[in-house]
Amino acid sequence: MPFFLLAITILLSCASAAVTVTAPFLNYPNPFKTSDSKSGSAEGTYFAYALSEAANIEIRIYMMDGSLIWKRSYTSADSEGSAGYHEVYWDAHPDTGAITGTAPLLTRETVPNGILLSFLLSNGKVIAKNKITVFQ
């Protein structure tokens with residue numbers, strides 16, 4: 001076998017496959033209300049995803065203007081970062097530690113009505129994305 005083919009074969013066999021999402025990255029309910037008219041309490045949504053292998057992951061939610069309003073990070077040792085199906089709950093409240101951009105959002109109890117963007121990242125790379133509709 002020529003040297004260059006041997007080298008390519010070794011490189012390919014040593015390269016680890018990137019984590020993939022084996023089911024759609026969705027949230028439910030979608031759309032969802034930020035408050036229940038009967039009780040006045042905030043409702044939330046669940047993010048559902050399935051990973052091909054254990055990985056360090058992050059879920060981020062952005063406003064349409066690009067402001068980061070919520071994020072959660074999980075390592076491959078956490079249950080949310082293990083291979084298989086997972087659900088993560090978000091209560092529609094902004095995460096003040098994650099907020100970048102517009103300051104008025106800091107005073108709101110829940111995020112404003114509209115379209116939000118959610119991303120599932122692994123090692124800093126987007127592996128899935130979704131649109132969220134929020135209303136009151």
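This report covers the confidence and the strand pairing of one predicted protein model.

## Ground rules

The model is predicted, so local features need pLDDT of at least 70 and side-chain atom pairs count only at pLDDT 80 or more, while totals for chains, interfaces and linings use all residues. Residues are numbered from 1 along each chain as its sequence is written, and side-chain values use heavy atoms, with hydrogens and water left out.

## Confidence

pLDDT is the predictor's confidence in each residue, from 0 to 100. Its mean for this protein is 79. A pLDDT of 70 or more is reached by 72% of the residues. Residues 1-16 fall below 50, and this stretch has one contact beyond near neighbours in sequence. A contact means heavy atoms within 4.5 Å.

Residues 103-107 also stay under 50. Here the model has seven contacts beyond four places in sequence. Where pLDDT is low, the predicted coordinates should not be read in detail.

Strands are DSSP runs (E, at least two residues), numbered from the N terminus. Two strands pair if DSSP finds at least two bridges between them.

Strand 1 and strand 3 (residues 45-51) are joined by five bridges. Val 21 stands opposite Leu 51 of strand 3.

## The hairpin

Strand 4 (residues 57-63) pairs with strand 5 (residues 68-74) over six bridges, in the antiparallel sense. Ile 59 has Arg 72 in strand 5 as its bridge partner. Four residues lie between the strands of this hairpin, where Gly 66 takes a positive phi near 95°.
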